[in-house]
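Dear colleague,

Please find the structure below, together with its sequence. My notes on it follow.

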Amino acid sequence: MWKRFRYQIAVFFAVLGPGLITANVDNDAGGIFTYSQAGAKWGYLPLWTLIPITLLLVVTQEMCSRMGAVTGKGLSDLIREEFGLRTTFFLMTALVLVNYGNIVSEFAGIASSLELFGISRYLSVPLCAVAVWYLVVKGTYRSVEKIFLVSCSIYVTYIISGILVKPDWKQAVVYSVKPVLMLEPSYIAMLVAMVGTSIAPWMQFYLQAAVVEKGITAKEYVQSRVEVILGCILTDVVAFFIIVACAGAIWAHGPRDIKDAADAAVGLKPFGQYAFFLFSAGLFNASFFAACILPLSTVYTVCEGLGFESGVDKRFHEAPVFYWLYTFLIAVGAAVILIPGFDLVKMILLSQVINGVVLPFILIFMILLINRQKLMHEWTNSRFYNFVAWTSVALMIGLTMALVALSIQDMLRT
Amino acid sequence: MADPRADQRLFFTELLGLKVFDLKGRTLGVVKDAAIVPLLDPVRVDRYLIGSGGAWLTVRHDQIRSVSLDGIRLRDEILTPYHSDEYMLRVVRDLLDQQIIDAQGRKVVRVTDVTFEIHQENGGEVLWVLDVDIGLRAIFRRLVQGVLPPRWIRRLQGGIPPHSIRWEFCNILEPDPQRRLRLNISNRLLEDMHPADLADIVEDLTPEHREAIFENIDSEVAADALSEVDPDIQASILESLETEKAAEIVEEMAPDEAADVLGELEQETSDEILEEMEHQPKQEVRELLEFEEDSAGGMMNTEYVALPETATVADAIVALKSNEELMETLNTLFLVDAGERLTGAVPLARLFLHDGATPLRSLAVDTLIDAPVTEHRDRITELFDKYNLLALPVVDEERKLTGVITADDIISVLREK
């Protein structure tokens, strides 16, 4: 009995990684900005969205990890095998564009968080770009995963800074379970943005690939699912504390719009150096972490889908497309931040638009694939699960379309 | 068109959608797929599947007069409706966009296009599969296929380097054992590879395909390859196999490696496999399994040659002859006293410098380095480094020789860190 239990625990730790890492990268620079903005402007009101967001996240992530464990193939491999090269090619092109936009916003997060500590972006961004490149190219999968897991634990800084701000816990608890709907356009925009940043196209590819890479099989899938769900919950716990911190520190003293996530950190200053320090350190950690994962995930996905050699264990000349695309994404993603007067906000809005356009396709492909008996055997979705999945997808499509519309409106205005 | 044979070539992207004309030059339909029947001929396209209105028709290879970019002209227009044929390897369904093993390049690749060669046979033209195309040039063809005229595509693709694999080096992956037989898929190419290369390939495949390969290749090759595979994957492969096959493979492995693999499995599964094994290897593996993984006992193997202290070079040669299977890696002989206690180590190369009557004891190394079975892994690697060892004997509490740790074990340990 004990032996059996010990084995279960061992398996759980063996499968630890993919779900947690994906979920945490989800709280990247863009995510932190969105949550800070929600808290600074609307206080505790938006907290109720976190529970439905967690559910949506669990539904999509669970499907990916299940597909990875059962088929042993990445999502891009499956799309290629089942829907052909042309579909894959267009999807991959779109994915590169979306992810490129996200990479830029991560480097922007690195720049603004380190500027809070008085480090110029002309120093921090090039250094971090080289560090990101080096870490992944020269590290092994296992060592890199360990660093990422450590990085996941640094998210605890948000929980501490949330507590240091001494928010109104009673309100926080009440609004976590009490939905507040208002027909105020900016409120709706905020809700849509929160969902939009939580579920991104790259996550589906990354998670499934990570599950495959980790060698998780259908047998260990039960433990893997626990890990994925745990990751989703942790993501939203962190989001909760970010919102609460900004609600307590900024909204309570006068609701306002914030410029970027670094602006939110400055808003925490009256509550002591620690709260400020932890919030900005968290922002740096999140941006750097996501800047490591996103380019790598992008090149893996693209190379596997199109059949190019890939893998950090290959030499440069063995996998040229892999390395060139990887280097290109990082170099050009970082360089853009250094262009004086570059309109970053517009760039991020644009990437959100493409994000919204690509996501529905990927979710639909996922549901189609997971229901193919030939691939999934007895692991296809149950009828109830399909109902939940299609409803979630319909909801996601509706919300992301709304986000796209709002972003386009914003872009036209600015 | 610098290549004079280019006219004899046809890409599958060009064949797909090609019009098929009857004897009077009327269009019958367009090519939807092409099939090889490997049991009949491993390279010739045997059937063409033609879409005509709603239904699919089958054209046999010997019903065709000519094949070119302008279309397929028939010489016999009595066509049969298509009904699924399990003996067919269909290009679109079974090959395109799927993974195969490139046995020459020793890696897993994804098929993007197929190149055929047009041959004359009995007064008609047939297609032989020449290459499987991967890489950018084939991707370009797939993307613009049907968008640009084929002759333009041929001209435009000239600037992109080709990347193809000869058909005879392609190993198709098919997990279903029945279909493997019907499609005449052998594992000859895989069995000829170096086990370490095969192990790398196996790591890149899905669990289903790994199982199919290990289920079918020769147990000895399987054992060699399995030893080289990542431990997590080793375990999942063995668990997926039939217990008998798993036992057969484990038997062929060196006892220390077998013990390592079995140690990775769930207790139940490893007991089942042990149960199936033959007596002698089973005993050795059982004993090795008792040791902690990170102790000398867990690292050592029991394949060594030990001789009595009194033995001579001639005796050693005789002993070596009866242990021929160890010759590839053996580099040290060990001397034991009447109570099987370790007393000396003789580097193999010294045997060549002395005649048969020389007592082995006089050839033994000056300082005998050994380790108790309980010694920790880190200490063992230190010993190897400090004394530049190739092999380290391991002894039990009574100083009886129980196993040997070799330098390749140490390299694996260091690589894991």
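How many residues of chain B are in contact with chain A? The contact side of chain B comprises 17 residues, which meet 15 residues of chain A; two residues are in contact if their C-beta atoms, placed from the backbone, lie within 7 Å. Strand E11 (107–110), helix H3 (135–144), helix H8 (207–216) and helix H10 (231–240) of chain B each supply at least two residues of that side. Helices (H or I, at least four residues) and strands (E, at least two) are DSSP runs, numbered from the N terminus. By class, the side of chain B that touches chain A has six nonpolar, five polar and six charged residues; Ala, Val, Leu, Ile, Met, Phe, Trp, Tyr, Cys and Pro count as nonpolar, Asp, Glu, Lys and Arg as charged, and the others, Gly among them, as polar.

Please note that this is a predicted model, in which local features need pLDDT of at least 70 and side-chain atom pairs count only at pLDDT 80 or more, whereas totals for chains, interfaces and linings use all residues. Residues are numbered from 1 along each chain as its sequence is written, and chains are lettered from A and ligands numbered from 1 in the order in which they are written.

Chain B contains 18 helices and 21 strands. Its C-alpha atoms fill a box of roughly 95 × 50 × 40 Å along the principal axes. In chain B, three strands form an open sheet of mixed pairing, in the order E16-E17-E18; two strands pair if DSSP finds at least two bridges between them. Strands E16 (306–308) and E18 (342–347) of chain B stand at the edges with a single partner strand each, so one side of each is left without a neighbour in the sheet. E16(B) pairs with strand E17 (residues 332–336) of chain B in the parallel sense over three bridges, and Ala306(B) stands opposite Phe334(B) in E17(B).

In chain A, Thr235(A) lies in helix H12 (residues 221–249). Thr235(A) is buried because 26 other C-beta atoms lie within 10 Å; a residue is buried if 20 or more other C-beta atoms lie within 10 Å of its own, exposed if 12 or fewer, and partly exposed in between. The C-alpha atoms of Thr235(A) and Asn27(A) are separated by 6.7 Å, although the two are 208 residues apart along the chain.

Helix H14 (residues 273–306) of chain A is mostly covered, with 30 of its 34 residues buried. Just after H14(A), Gly307(A) takes a positive phi of about 85°.

With kind regards
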